[in-house]
Amino acid sequence: MEDKIARLVNEKLQVEGWDDCFLVEIKQHGNHKLDVFLDSDEGITFEKCRKVSRHLEAVLDEELWLGEKYTLEVSSPGVSRPLKLKRQYIKNVGRKLEVKLKEGDKEEGLLTKVEDDSIFLEQKVRIKEGKKKRTEVIEKEIAFEEIKEAKVKVSFK
């Protein structure tokens, strides 16, 4: 089912004017509910979510893949959801991330760069020199394969 929905969404995203949009995730729930998460390099708009929703509804209503009664939600993942795709990391360069590593550690810092296999976080560390402490800015590389989960940290300062 999710593959069929993904094909439909990607079909819509191939249309001219949609090349900055991409499918992040599809979640099917047992109670005839379907969540589709889209994103865009420039930020997904309500209007684009609505158009994808209408595109999906036309097929779902005709084919009855989810039955006659279903709930469909098409939205952006929002900042509370973890980053899943490299393209999302690229979009969030310059923002603060909290990264949970597979080994259990957590890293936090400003996302400065995204490469093929890794991300780079700028971190401030306190270094003790005798009785004094100084702050140093370092850049830490984290391989994608080491990341369990990464979320954008929202600051209201």
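**Architecture of the predicted chain**

The secondary structure of the chain comprises three helices and eight strands, where helices (H or I, at least four residues) and strands (E, at least two) are DSSP runs numbered from the N terminus. The model is a predicted one, in which local features need pLDDT of at least 70 and side-chain atom pairs count only at pLDDT 80 or more, whereas totals for chains, interfaces and linings use all residues. Residues are numbered from 1 along each chain as its sequence is written, and side-chain values use heavy atoms, with hydrogens and water left out.

From the N terminus on, the order of the elements is α-β-β-α-β-α-β-β-β-β-β. The C-alpha trace spans about 75 × 35 × 30 Å along its principal axes. The radius of gyration of the chain is 20 Å, while a compact globule of 157 residues would have one near 15 Å; this radius is taken over C-alpha atoms, and the globule rule is 2.2 Å times the number of residues to the power 0.38. Of the 157 residues, 34% are buried (buried means under 20% relative accessible area, exposed over 50%, and partly exposed in between, with a 1.4 Å probe and protein chains only). Among contacts between residues at least 6 apart in sequence, 51% join residues at least 24 apart, a contact being defined by heavy atoms within 4.5 Å.

Strand 2, formed by residues 33–40, is mostly covered, with seven of its eight residues buried. Strand 2 pairs with strand 1 (residues 21–29) in antiparallel fashion through eight bridges; two strands are said to pair if DSSP finds at least two bridges between them. In this pairing, Ile26 stands opposite Val36 of strand 2. Strand 2 is also joined to strand 3 (residues 71–75), here by five bridges and in parallel orientation, and Phe37 stands opposite Ser75 of strand 3.

The hairpin of strand 1 and strand 2 has three residues between the strands. His32 is located in this loop and has a positive phi of about 60° although it is not a glycine. Most residues other than glycine have a negative phi. With a relative accessible area of 42%, His32 is partly exposed.

Strand 2, helix 2 (residues 46–63) and strand 3 together make a right-handed β-α-β unit. A crossover is right-handed if, with the strands pointing away from the viewer, the path from the first strand over the helix to the second runs clockwise. The end C-alpha atoms of helix 2 are 26 Å apart, which agrees with the 26 Å that its 18 residues should span at 1.5 Å a residue; the expected span is 1.5 Å times one less than the number of residues.

The buried residues of helix 2 are Lys48, Cys49, Val52, Ser53, Leu56 and Leu60. These residues lie on the same side of helix 2, because they cover an arc of only 130° around the axis, the arc being that of the directions from the helix axis to the C-beta atoms. They pack against helix 1 (2–13), strand 1, strand 2 and strand 3.

Just after helix 2 comes Leu64, which lies in the loop between helix 2 and strand 3. Leu64 is not a glycine, yet it has a positive phi of about 55°. Its relative accessibility is 43%, so Leu64 counts as partly exposed.
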